[in-house]
Amino acid sequence: MKLALLADIHANLPALQAVLADLDAWRPDLVVVLGDIVNRGPHPRQCHELIHARARAEGWRLLAGNHEEYVVSKHLKPASPGTPAFAIHQHTYWTAGQLSGLVAALGALPDRVDLDCAEPAGRAACVHASLLGNRDGIYPETDDAELAAKVDGGARLFAVGHTHRPFIRELGGTLVVNVGSVGLPFDGDRRAGYARVVAGRGGWQAAIRRLAYDWRQTRADCVAGEFVAGSGAVAHIIRRELEIAHPLLAKWTYGVEAAILSGLISVEQSVTEFLADWQ
């Protein structure tokens, strides 16, 4: 069995198109998408529609990620436009608007996919981040004791995304695979990534696949008028993350959210000051 595992597309259409072309050449038996198809990128509707079209036509299995949850929550309980609370998460409100009529489909996605495969491969379990939830991720440096609490030790293969940092390692009898990110890698390598997993006589074997794509087109779309107008100043943080393949948005949010909500600094000023340290 040939299994392709994708995660963290983050509304990056050129990266997704490169991966789709590679999948069409490899021809896996099944594709599982481990969440974060949308948000934090300039092409949410196009990516959503492409992935769901493949799911309908080819039986792809789709999971919810934390960004699907973000979009649904902002859609159901929006902040008032013009307020600091709205400005901090303006890019997520923009994504929800781009997905008009489709947000309900995000809320219907499951949190887990289990695949019962024939021996010697055995059961495969797929979640977005870990057993502890869609925001509690697994990193290359996560030690065995912490990892044991975050994976299903009864599965022969346990696959995750979320951290945008791919790795493959064994824990007991479980092959743990972080599949990395299609659209927004955070390991210093801008190339799109996904995992190829094959069930053979020796059980599961995995490899991380990296693909060059036109990331400059995505960067241009991140600074285009529509995305910046819709997402606000945060669009520039997303653009910089793409350029350096390093996470910035959470650092900015946690560092300045209280000050913005208190009216001590604007989103625009905070973004300008924050990015000055990353030029």
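How much space lies in the second largest cavity? In this predicted model, about 30 Å³ of space lies in the second largest cavity, and the residues that line it are His-164, Pro-166, Val-179, Gly-180, Ser-181, Pro-185, Gly-193, Tyr-194, Ile-208 and Arg-210. Two strands, E9 (192-200) and E10 (203-211), are the elements that give two or more residues to this lining. By class, the lining of the second largest cavity divides into 5 nonpolar, 4 polar and 1 charged residues.

The structure holds 2 cavities of 30 Å³ or more. In the largest cavity, the space amounts to about 40 Å³, and its lining is made up of His-10, Asn-12, Arg-40, Gly-41, Pro-42, Gly-183, Leu-184, Thr-218, Cys-222, Ile-238 and Leu-242. Here the elements that give two or more residues are helices, namely H8 (215-222) and H10 (234-244). The lining of the largest cavity comprises 5 nonpolar, 5 polar and 1 charged residues.

Open space was also examined. The largest pocket holds about 700 Å³ of space, and 28 residues line this pocket, those closest to its centre being Arg-40, Asn-66, Tyr-70, Ala-250 and Tyr-254. Three helices, H3 (66-76), H5 (90-98) and H11 (249-261), are the elements that give two or more residues to the lining of the largest pocket, and H11 gives the most, with 6 residues. The lining of the largest pocket has 9 nonpolar, 11 polar and 8 charged residues.

Helix H5, which gives residues to the pocket lining, is largely enclosed by the rest of the structure, because 7 of its 9 residues are buried. The buried residues of H5 are Gln-90, His-91, Thr-92, Tyr-93, Trp-94, Thr-95 and Ala-96.

The largest nonpolar core has 38 residues, of which Leu-6, Ile-9, Val-19, Leu-23, Val-33, Ile-51 and Trp-60 touch the most other members. The elements that give two or more residues to this core are strand E1 (2-6), H1, strand E2 (30-33), helix H2 (44-58), H3, helix H6 (103-107) and E9, with the largest share, 8 residues, coming from H1. When residues up to four places away in sequence are not counted, Leu-23 touches Ala-4, Leu-6, Pro-28, Val-31, Trp-60 and Tyr-194. A second, separate core of 22 residues includes Leu-3, Val-32, Leu-34 and Cys-117.

Helix H1 (residues 13-26) also contains the charged residue Asp-22. With a relative accessibility of 11%, Asp-22 falls under the 20% cut-off and therefore counts as buried. Apart from residues up to four places away in sequence, Asp-22 touches Tyr-194, Arg-196, Arg-209 and Leu-211.

How values were computed. Residues are numbered from 1 along each chain as its sequence is written. This is a predicted model: local features need pLDDT of at least 70, side-chain atom pairs count only at pLDDT 80 or more; totals for chains, interfaces and linings use all residues. Side-chain values use heavy atoms; hydrogens and water are left out. On a 1 Å grid over the protein atoms alone, a cavity is a set of points where a 1.4 Å probe fits but cannot get out, and a pocket is an open set with protein on both sides within 12 Å along at least five of seven lines; lining residues have an atom within 4 Å of a point. Grid points are joined across faces, edges and corners, and a volume is the space filled by probe spheres set on the points. Helices (H or I, at least four residues) and strands (E, at least two) are DSSP runs, numbered from the N terminus. Buried means under 20% relative accessible area, exposed over 50%, partly exposed in between (1.4 Å probe, protein chains only). Contact means heavy atoms within 4.5 Å. A nonpolar core is a set of buried Ala, Val, Leu, Ile, Met, Phe, Trp, Tyr and Cys residues joined through side-chain atoms within 4.5 Å.
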